[in-house]
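Have the sequence and the 3D view open as you read.

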Amino acid sequence: MGENKDVWVFSEKYDLTLEIIGKGREIANTLHTELAAVLVGSGVEKKADELIKYGADRVYLVDHPALEHFQSEAYLSVLHSLAIKYKPDILLIGSTKNGKPLAARLATRLETGCIPDCTELSVDEKGRLIGERITYGGNAVAKIIFRSKPQIATIPARVFKKLKLQDRNGEVIKLDVKIEEPKTEVVETKPLETSSINIEEANVIISCGRGLEKKEDKALLEQLANIVNGQVGNSRPLAEDRKWFTEWVGLSGHKVKPKLYIACGISGVIQHVAGIRDAKIIVAINSDPEAPIFEVADYGVVGDLYEILPALTEALKKRFQ
Amino acid sequence: MKRIIVCLKQAVDVTQLKVDPATSQLLTASAPKKISDFDKNALEEAIRIKEKNGETEIFTVTVCSEDAKPVLREALAMGADKAYFVNDHTLQNVDTWATAYVLAEAIKKIGSFDLVLCGEASLDSFSGLVGSRLAELLDLPQINSVRKISVEADVVTAERTLEDAYETVKSKMPALITVTREINQPRIPSLMMIMKASKKEIVTWTVADLNIQKEKIDAKNEVIEVLAPKTERKKIMITGENTKEIAEKLAKALFQEGIIRR
Ligand SMILES: Cc1cc2nc3c(=O)[nH]c(=O)nc-3n(C[C@H](O)[C@H](O)[C@H](O)COP(=O)(O)OP(=O)(O)OC[C@H]3O[C@@H](n4cnc5c(N)ncnc54)[C@H](O)[C@@H]3O)c2cc1C
Ligand SMILES: Nc1ncnc2c1ncn2[C@@H]1O[C@H](COP(=O)(O)O)[C@@H](O)[C@H]1O
């Protein structure tokens, strides 16, 4: 069983685990092998069945009070012991702020490669994994393969879709493994206000950048969004520098694929553009005729967003009447 | 005396990278190079820790197959005390495993330290793996994606931003921390600092100087293709007599694209 051929999936985030199972299922089918999910935590046993119903053939369950919260050394030692014991061929790990370092350390402990933040995964004719990722700040897509085993790739949230819940059976293997002592201590956790909307699913996105003068002016974008059933996004500085929002669109943020993306007061630096490559139509509104955003837009308007946005909202309202 | 080691990568300035339109290949060789953005934040943070706590040495370490001395001079001008440069043509096309391995050996050769600071990810490859790989190779506690650091005696406290929470983490030193861009605004060195930096030392090593066996740094990953994505955009500029006319033209175009619905 499982000698260097299974596909494994792990994330400390449950939703992401389901998404990766979705893609992992496809890879396992192509390779005519089995898909296993690794379930780690405290009191998580009841979730094992659901992972099978979402597409896993097998669940390796490690349930221990010391694993209640994510802890780097503890989780690493669990995954490492399992990987040594069962020797998976492919390990797909959720690319979160905790998951990616975990994957990197695991790959290092196993003296193997790692492809981070894959936006596509496939298998070549020799059965080798090919990972695709955005590189050079969004200028290019690289295809990468392995010269070592196991093949470890990390997968960002909301890149792949979870499968439909099905009535399937599988095996749950409960294990006791030695858990390494933590080297760091979490002394405080404060929840972060994140938007509950799933911007990756939006059909229309209206985004603002540093051209927006005040946080409240976002209302201008919201008014337009209301009319076209869209959602509002923003560039990174509005979150990182001005701290008005917590999330952003771009290379290091959300990668979106709406039918329509309207960039208002966004200069169009490569790292922002990397997040909107898959938009069907891009509209740019910018007061600077030289702004690079016009080079990657389908429709450009040189002007003040404070004038253009309300006028566009009006014009669309009229058309809808 | 405390010692902070900052890992500085010489990266391709991705904002100035050109693409060959015929082949979609990136012209990386001719692109300008600079200190990777987040690494500058790491260096700035080291300098601030030194300013606050005193009695601190800051060493930078860089692994690169090409010349990186001009970039290292900038780091010295900002405030690093000494730069270590592993420069070896055999390091062309190294992957994150090999980079971390060489960094680890260089840091072992430097000797003792209290903190290793890395960028959360590098500007050009943006993999975000090297810091964690290095922590594993040096068997260090590691805190990732940090936006605030404070050092007291032999304990470091760091605040990090996760997807859904802020977390404050404590660790005994030595430890490894990766920083985000929001941690600080890196300083621009003055002319005085630039002049002073010319007297600071850049220690250059080859892979052989580090006694690394060649097979230890064989690549574990291989890049088989790097292509600029083809995006054909219409680039239609909408103009008009006044704002109203422009807005109406744009609204019409969007309707004709069939992309908006109420
Ligand atoms: C490794 C790395 C990763 C990054 N990842 C991301 C990312 O994921 N997403 C991201 O967005 N950025 C990212 N960045 C930052 C990126 O490089 C840019 O700094 C950022 O995208 C710029 O944001 P902006 O366009 O809002 O601001 P600016 O570049 O300052 O542009 C503001 C624009 O608004 C226009 N403007 C001003 N006033 C008006 C007005 N009244 N009406 C109309 N137009 C107006 C100006 O002409 C200007 O073009 C990253 C950077 C690095 C180094
Ligand atoms: N060649 C290098 N030399 C020195 N430090 C590096 C090198 N490559 C990566 N690093 C460090 O590792 C961090 C993450 O890099 P990466 O994994 O390439 O995204 C960088 O921000 C640097 O601090």
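What follows covers a sheet, the domains and some aromatic contacts. Keep in mind that this is a predicted model.

Let's start with the sheet in chain A. Its 7 strands run in the order β5-β9-β4-β1-β2-β3-β10, making an open sheet with parallel pairing. The edges belong to β5 (114–115) and β10 (171–174) of chain A; each has a single partner strand, so one side of each is left without a neighbour in the sheet. Further in, β4 (residues 90–94) and β9 (residues 151–155) of chain A pair in the parallel sense over 5 bridges, and A:Ile93 stands opposite A:Thr154 there. Helix α1 (residues 14–30) of chain A packs on this sheet, touching β1, β2, β4 and β9 of chain A. The helix direction makes about 170 degrees with that of β1(A).

Chain B is split into domain 1 (3–216) and domain 2 (232–262), with 46 Å between their C-alpha centres.

Now the aromatics: there are 11 aromatic pairs over all chains. Here are two of them.

| Pair | Centre to centre | Plane angle | Kind |
|---|---|---|---|
| A:Trp8 and A:Tyr86 | 6.4 Å | 55 degrees | tilted |
| B:Phe59 and B:Tyr84 | 5.5 Å | 55 degrees | tilted |

A:Trp8 sits in strand β1 and A:Tyr86 in helix α3 (residues 72–86) of chain A, 78 residues apart. Both A:Trp8 and A:Tyr86 are buried, and together with A:Tyr60 they form one aromatic cluster. In chain B, B:Phe59 lies in strand β4 and B:Tyr84 in strand β5, so their pair ties together parts 25 residues apart in sequence. B:Phe59 and B:Tyr84 are buried too.

Lysines turn up over ring faces as well: A:Lys47 lies over A:Tyr14, 4.8 Å from the ring centre, and B:Lys109 lies over B:Trp205 at 5.2 Å.

How values were computed: Residues are numbered from 1 along each chain as its sequence is written. Chains are lettered from A and ligands numbered from 1 in the order in which they are written. This is a predicted model: local features need pLDDT of at least 70, side-chain atom pairs count only at pLDDT 80 or more; totals for chains, interfaces and linings use all residues. Side-chain values use heavy atoms; hydrogens and water are left out. Two strands pair if DSSP finds at least two bridges between them. Helices (H or I, at least four residues) and strands (E, at least two) are DSSP runs, numbered from the N terminus. Contact means heavy atoms within 4.5 Å. Axes are lines fitted to C-alpha atoms, for helices over the stretch in contact, and angles run from 0 to 180 degrees between N-to-C directions. Domain bounds come from an automatic or database domain assignment. Rings of Phe, Tyr and Trp (its six-membered ring) pair if their centres lie within 6.5 Å; planes under 30 degrees apart count as stacked, over 60 as edge-to-face and the rest as tilted. Buried means under 20% relative accessible area, exposed over 50%, partly exposed in between (1.4 Å probe, protein chains only). A charge sits over a ring if NZ of Lys or CZ of Arg is within 6 Å of the ring centre and within 35 degrees of the ring normal.
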